[in-house]
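Subject: Structure for you to look over

Hello,

Please find the sequence and structure below. My notes on what turned up follow it.

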Amino acid sequence: MAKENLAAKVNDETAAKLNKIAKENPKEEEPEKQLDRINRPRYRNPRNVVEAFEHYPVHIVKLVNLIKSNSDIRRYTSLGIINYLSQKGIIEQAKGYVNFNWTKFSVTNNGLKVEYRYTEPFFINCLIASFTSFANAAQKTIGVFCSNEFDAPFSEDKEMINNAVDAAENADKTAETEE
């Protein structure tokens with residue numbers, strides 16, 4: 001609506017009240033802010049988890065740290081992502097590279113890079129599957145180690161394993177309450 005039309009709709013009494021209010025509360029003139037790309041503060045990618053906690057929520061840092069801190073989990077997650085994208089026809093060949101950042105991950109295939117957020121359901125499924133793959137590979141590696149290093153077949157001590165699992169869970173619970 002043009003100013004003339006709006007002014008014609010306001011009666012003289014209302015216009016006088018508005019003018020009085022405007023005089024009592026003068027508008028502070030601020031220069032219009034423009035995007036200053038040269039002098040803006042530069043954002044530096046966090047180098048470690050402590051710096052990441054300064055920039056991102058705890059739940060995001062913990063999730064991404066699962067991947068960034070363990071090369072096997074990162075590898076199995078990447079293989080799962082590439083396999084999923086290949087099966088869906090998003091990429092033609094099941095080849096490529098997955099890079100994990102603090103807020104998103106990118107998939108590079110045939111020179112093209114596509115970024116995805118960690119909230120993608122296929123990412124969560126691939127991350128969960130990577131732990132199963134990791135456990136299976138670890139079990140095979142431990143089996144080969146035991147068969148080469150021990151004369152007699154190795155037998156697991158279930159009580160000791162359960163105690164170690166409980167201690168790890170308690171340590172995680174303590175760490176969560178300290179945050």
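Cysteine 126 counts as buried in this predicted model, at 9% relative accessibility. Cysteine 146 is buried as well, with a relative accessible area of 11%. Buried means under 20% relative accessible area, exposed over 50%, and partly exposed in between (1.4 Å probe, protein chains only). The structure holds zero disulfides, a disulfide being a pair of cysteine sulfur atoms within 2.5 Å.

On conventions: residues are numbered from 1 along each chain as its sequence is written, and side-chain values use heavy atoms, with hydrogens and water left out. As the model is predicted, local features need pLDDT of at least 70 and side-chain atom pairs count only at pLDDT 80 or more, while totals for chains, interfaces and linings use all residues.

The largest pocket has about 250 Å³ of space. (A pocket is an open set of points on a 1 Å grid over the protein atoms alone, where a 1.4 Å probe fits, with protein on both sides within 12 Å along at least five of seven lines; lining residues have an atom within 4 Å of a point. The volume is the space filled by probe spheres set on the points, which are joined across faces, edges and corners.) Helix H6 supplies the largest share of the lining, five residues. Among the lining residues are Cys146, Phe150, Phe154 and Glu156.

(Patch residues have over 30% relative accessible area and no salt bridge, with nonpolar side chains, Val, Leu, Ile, Met, Phe, Trp or Tyr, joined within 5 Å and like charges within 9 Å; areas are Shrake-Rupley values with a 1.4 Å probe, and for residues only the protein chains shown count as cover.) Phenylalanine 145 sits in helix H6 (residues 121-149) and is partly exposed at 48%. Helices (H or I, at least four residues) and strands (E, at least two) are DSSP runs, numbered from the N terminus.

Salt bridges

There are three salt bridges in the whole structure, each a side-chain nitrogen of Lys or Arg within 4 Å of a carboxyl oxygen of Asp or Glu.

- Arginine 47 pairs with glutamate 51 at 3.0 Å; arginine 47 is exposed at 64%, whereas glutamate 51 is buried at 14%.
- Lysine 104 meets glutamate 115 at 3.4 Å, N to O. Lysine 104 is in strand E2 (residues 104-109) and glutamate 115 in strand E3 (residues 112-117), so the pair ties together parts 11 residues apart in sequence.
- Lysine 158 meets glutamate 156 at 3.2 Å, N to O, and lysine 158 is exposed at 54%.

Regards
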